[in-house]
Amino acid sequence: MTVLEGEQLTKRFGGIVAVDDVSFAIDRGETVGLIGPNGAGKSTLFRLISGVQEPNEGTVYLDGNDITGLSPHEICHRGLVRTHQIVRPFETLTLVENAAVGAEFGGRDVDDPEERAHEVLEFVGLDEMAHTTPDELSVGALKRLEIARALATDPEVLLFDEVAGGLDTEETEAIVDLIGDIGDQGKTVFLIDHVMRALMSVSERVFVLDNGSLIASGTPDEIQNDRRVIEAYLGENAGETAGAAGD
């Protein structure tokens, strides 16, 4: 059953079309990756879905309900939350207090926000540091704190923007495992990442944006062998080169 859907989404900034008539559907419990060259419109699409920006045209549906134009906190209350590429924790609060903010204000009727905060910190592997402050964390741990804050809202759908960005190989593998665990809980995950190995390993399907348009969708294997995708990343002659190599 479809849980998140975009219908003919378009976003213009003056004469620039950042997202151009994009339609997609994501099933409940599915993990879907979103890739594309720099400037393809990926983060803009996430902003349209999460309510940070409103589309010029088109509609976003969550659980079949129109959420287009709602504020980010209203959308969060309905069960969709987004993390950010550049994490900005509450630096004067402890980790458990950071996570408790999500539990308290996520709008999902959590009886004990601090208990919920400890649960999500344990899930992401940070509960032993619950009473420390974010300035003591590595980049990888900060990313996991960002995920914990999102999970504390008890979301149905999570949008991850460059969750593996800036991480070393070991930290990336840990984040990939964590995303897999989140999917195993039945959560729906939609993620952007330039670490292709990580994104492809965790995604069941992949969408590809180029110049604001959705040019391909399919399994990771299908996407990695799609001529349009190869051309979008490597140039217009790359598809011919790939084709010749396979002949």
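Leaving aside neighbours within four places in sequence, N98 is in contact (heavy atoms within 4.5 Å) with P89, F90, L93, P134, L145 and R149. This is a predicted model, in which local features need pLDDT of at least 70 and side-chain atom pairs count only at pLDDT 80 or more, while totals for chains, interfaces and linings use all residues. Residues are numbered from 1 along each chain as its sequence is written, and side-chain values use heavy atoms, with hydrogens and water left out.

**Confidence**
- The protein chain has a mean pLDDT (the predictor's confidence in each residue, from 0 to 100) of 91, and 94% of its residues reach 70 or more.
- Residues 237-247 have a pLDDT below 50, and beyond near neighbours in sequence this stretch has seven contacts in the model.
- Where pLDDT is low, the predicted coordinates should not be read in detail.

- N98 belongs to helix α3, residues 95-105, where helices (H or I, at least four residues) and strands (E, at least two) are DSSP runs numbered from the N terminus.
- N98 is buried (under 20% relative accessible area, with exposed over 50% and partly exposed in between, using a 1.4 Å probe and protein chains only), and its own relative accessible area is 0%.

- An open sheet is formed by four strands in the order β2-β1-β4-β5, with antiparallel pairing; two strands pair if DSSP finds at least two bridges between them.
- The edge strands, each pairing on one side only, are β2 (16-27) and β5 (65-66).
- Strand β1 (residues 2-13) runs antiparallel to β2 and is joined to it by eight bridges, and G6 has F24 in β2 as its bridge partner.
- Helix α1 (residues 42-50) packs on the sheet, where it touches β1, β2 and β4 (57-62).
- Seven of the nine residues of α1 are buried, namely K42, T44, L45, F46, L48, I49 and S50.

**The largest pocket**
- A pocket is an open set of points on a 1 Å grid over the protein atoms alone, where a 1.4 Å probe fits, with protein on both sides within 12 Å along at least five of seven lines; lining residues have an atom within 4 Å of a point.
- The largest pocket holds about 550 Å³ of space, a volume being the space filled by probe spheres set on the points, which are joined across faces, edges and corners.
- Its lining has 24 residues, of which C76, V81, R82, H84 and T153 lie nearest the centre of the largest pocket.
- At least two lining residues each come from α2 (72-77), β6 (80-82), α3 and α5 (139-151), and α2 supplies the largest share, five residues.

Key:
Axes fitted to C-alpha atoms, helices over the stretch in contact; angles between N-to-C directions.
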